[in-house]
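Dear colleague,

Please find the structure below, handed over for your own work.

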Amino acid sequence: MSDLEDLKTRLKIAKSKLQNKNLKKADKKGVFLGNAFKLGTELVAAVAVGTIIGFILDNWFGTKPILIIVFFLFGAAAGIVNVFKAAKKMQGDGN
Amino acid sequence: MAANPMQQFEVHRIGPEIKISGIDLSFTNSSLFMTISAVLITALLLFGTREKKLVPSKIQLMSEMLYNFIAKMISDTAGKKAKPYFPFIFSLFIFILFCNMIGMLPYSFTVTSHIIVTLTFAIFIFIGVTILGFVIHGFKYLKIFVPSGVPIVLLPIITIIEIISYLSRPVSLSVRLFANMMAGHTMLKVFGGFVISLGLIGGWLPLSFSVALTGLEILVAFLQAYVFAILTCIYLNDALNLHH
């Protein structure tokens with residue numbers, strides 16, 4: 001009888017371990033999809049913000065096409081920086 | 001049913017027109033669904049915590065799991081210092097989640113599919129976090145615009161890039177939620193329209209697609225609320241623990 005009891009407890013432990021693993025995997029999948037959504041908008045938003053700032057400054061100083069171009073490029077750079085930072089964070093989480 | 005897939009996003013007045021000094025404050029379908037989700041959340045949490053049993057009932061389990069989920073998320077991303085901000089992040093997450101989920105019901109209205117709603121959330125968070133950063137760190141908070149180890153020549157350019165990157169936070173935060181909700185609901189309506197126009201013979205294909213999309217949309221509804229809350233935590237973390 002004691003053998004049977006032993007087997008029962010061992011089965012229980014193994015089952016709970018398996019369940020934990022499955023749960024973790026499902027958790028991770030959601031996080032990945034969330035990250036994918038995050039990166040796309042991060043890139044675009046910075047470009048949009050940069051362009052808007054350029055447009056406003058152009059109207060202020062009356063230098064119509066110059067600042068909008070410059071700030072569009074700054075915005076693109078900021079977008080890449082954003083994505084870079086987010087990716088770095090993800091790498092940190094993965095390890 | 002309306003054939004126009006964008007008609008579901010129309011805001012219209014319910015009841016009398018209320019105007020206070022030129023600002024239209026009438027009760028709309030948008031406000032109705034916000035109220036419904038707020039009432040549902042309150043009911044869930046009140047009923048869930050009314051009987052504090054050791055072996056929880058289903059509703060108690062649900063509210064306790066929600067609490068644990070957010071508490072763990074905050075401690076994972078923003079550390080122990082962020083504990084005082086738990087109520088704010090919890091309400092934010094659960095409100096967005098309920099708005100998204102109620103939007104999945106037929107004939108309902110998705111509050112979060114309007115950019116003005118999500119942008120208001122995002123700007124509120126942005127201003128709050130910025131003020132918090134300045135209150136805690138003083139003018140040292142400006143250091144987040146000046147990364148360490150950058151050559152002097154590049155410093156002005158990098159600072160401008162960092163400022164734009166900082167300013168883009170509320171935009172990306174709000175656009176993500178709004179675009180996901182709006183695109184998903186439009187797509188559901190378009191495929192629903194295909195079912196009707198293709199009729200009994202050809203309608204099965206878009207119908208099956210529509211079923212799959214509904215599943216995806218429920219996932220997106222949860223995920224977007226989660227992403228919104230987790231990004232709020234990350235921004236909060238940047239303001240609380242200054243390190244660059």
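**Findings**

To begin with chain B, Pro16(B) lies in the segment that precedes strand E1 (19-20) of that chain. The model is a predicted one. Pro16(B) counts as exposed because it has 8 C-beta neighbours inside 10 Å, and the cut-off for an exposed residue is 12 or fewer. Ser26(B) is ten residues from Pro16(B) along the chain, and their C-alpha atoms are separated by 6.9 Å.

As to confidence, chain B has a mean pLDDT of 88, and 98% of its residues reach 70 or more. For the model, ipTM is 0.73 and pTM is 0.82.

**The contact between the chains**

Chain A brings 19 residues to the contact and chain B brings 14 residues. On the side of chain B that touches chain A, helix H5 (155-202) and helix H6 (204-240) of chain B each supply at least two residues. H5(B) gives the largest share of that side, eleven residues. Sorted by class, the side of chain B that touches chain A consists of nine nonpolar residues, four polar residues and one charged residue.

**The largest nonpolar core**

The largest nonpolar core holds 50 residues. Those touching the most other members are Phe93(B), Ile164(B), Ala225(B), Phe228(B), Ala229(B), Cys233(B) and Leu236(B). Both chains give elements with two or more residues in this core: helix H1 (2-61) and helix H2 (64-94) from chain A, and helix H2 (58-77), helix H3 (86-103), helix H4 (115-137), H5 and H6 from chain B. H6(B) gives the most to this core, with 13 residues.

**Helix H3 of chain B**

Which residues does Phe93(B) touch, not counting those up to four places away in sequence? They are Ile70(B), Ala225(B) and Ala229(B). Phe93(B) is also among the buried residues of H3(B). What covers the buried residues of H3(B) includes helix H1 (29-48), H2, H5 and H6 of chain B.

The length of H3(B) can be checked against its residue count. H3(B) has 18 residues, so at 1.5 Å a residue it should span 26 Å. The C-alpha atoms at its ends are 25 Å apart, which agrees with that expectation.

Yours sincerely

How values were computed. Residues numbered from 1 in each chain as written. Chains lettered and ligands numbered in written order. Predicted model: local features only at pLDDT ≥ 70, side-chain atom pairs only at ≥ 80, totals over all residues. Contact = placed C-beta atoms within 7 Å. Helix = DSSP H or I, 4+ residues; strand = E, 2+ residues; numbered from the N terminus. Nonpolar A, V, L, I, M, F, W, Y, C, P; charged D, E, K, R; others polar. pLDDT = per-residue confidence, 0-100. Buried ≥ 20, exposed ≤ 12 C-beta atoms within 10 Å, placed from the backbone. Core = buried A, V, L, I, M, F, W, Y, C linked by C-beta atoms within 7 Å. Expected span 1.5 Å × (residues − 1).
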